[in-house]
Amino acid sequence: QVQLVESGGGLVQAGDSLRLSCAASGRTFSNYVMGWFRQAPGKEREFVARIKWSGGSTYYADSVKGRFAISRDNAKRIVYLQMNSLTPGDTAVYYCAARPLARTDFDSWGQGTQVTVSS
């Protein structure tokens with residue numbers, strides 16, 4: 001059973017940086033895709049970024065491209081989301097997610113971590 005635990009959220013000011021971590025356990029992830037999503041108050045959850053565990057190819061939402069970077073540490077089984085040049089529009093609960101390569105939908109989710117960016 002896949003378990004995902006996020007950490008690293010907090011309150012920062014506009015222009016600051018923050019790094020989120022997602023500790024993954026429960027299986028090997030070589031055939032998995034790991035992703036970050038976010039949900040702002042009153043809005044639907046939206047895709048932020050994803051990375052293929054094997055090979056490390058990445059893909060980003062247009063809204064964060066050039067500011068956010070997703071990466072993974074194979075040995076520690078941690079997925080990171082480095083967030084730079086944060087704006088109040090980035091305020092949301094950020095969720096880590098996982099899916100097998102063969103699936104199109106993410107089927108394992110963490111509990112989320114709050115990121116608040118003040119102006």
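**D90 and the fold around it**

Colleague: Where is the place of D90 in the chain?
Modeller: This is a predicted model. Strand β8 covers 78–83 and strand β9 covers 92–100. D90 lies in the loop between β8 and β9.

Colleague: Does D90 count as buried or exposed?
Modeller: A residue is buried when its relative accessible area is under 20%. D90 has a relative accessibility of 1%, so D90 counts as buried.

Colleague: Which side chain does D90 join in a polar contact of 2.9 Å?
Modeller: Setting aside residues up to four places away in sequence, D90 touches R38, R67, F68, S85, V115 and V117. The 2.9 Å polar contact links the side chain of D90 to that of R38.

Colleague: How many helices and strands does the chain have?
Modeller: From the N terminus on, the elements run β-β-β-β-β-β-β-β-β-β-β. The count is zero helices and 11 strands.

Colleague: Why is the chain as compact as a globular protein of that length?
Modeller: The C-alpha trace spans about 40 × 25 × 25 Å along its principal axes. For 119 residues the globule rule gives 14 Å, and the chain is close to this value, so it is as compact as a globular protein of that length, with a radius of gyration of 13 Å.

Colleague: What share of contacts between residues at least 6 apart in sequence join residues at least 24 apart?
Modeller: Buried residues make up 44% of the 119 residues in the chain. Of the contacts between residues at least 6 apart, the share that joins residues at least 24 apart is 54%.

Note on methods:
Residues numbered from 1 in each chain as written. Predicted model: local features only at pLDDT ≥ 70, side-chain atom pairs only at ≥ 80, totals over all residues. Heavy atoms only, no water. Helix = DSSP H or I, 4+ residues; strand = E, 2+ residues; numbered from the N terminus. Rg over C-alpha atoms; globule rule 2.2 N^0.38 Å. Buried < 20%, exposed > 50% of the residue type's maximum accessible area, 1.4 Å probe, protein only. Contact = heavy atoms within 4.5 Å. Polar contact = N/O pair within 3.5 Å; in protein donor to acceptor, adjacent residues only side chain to side chain.
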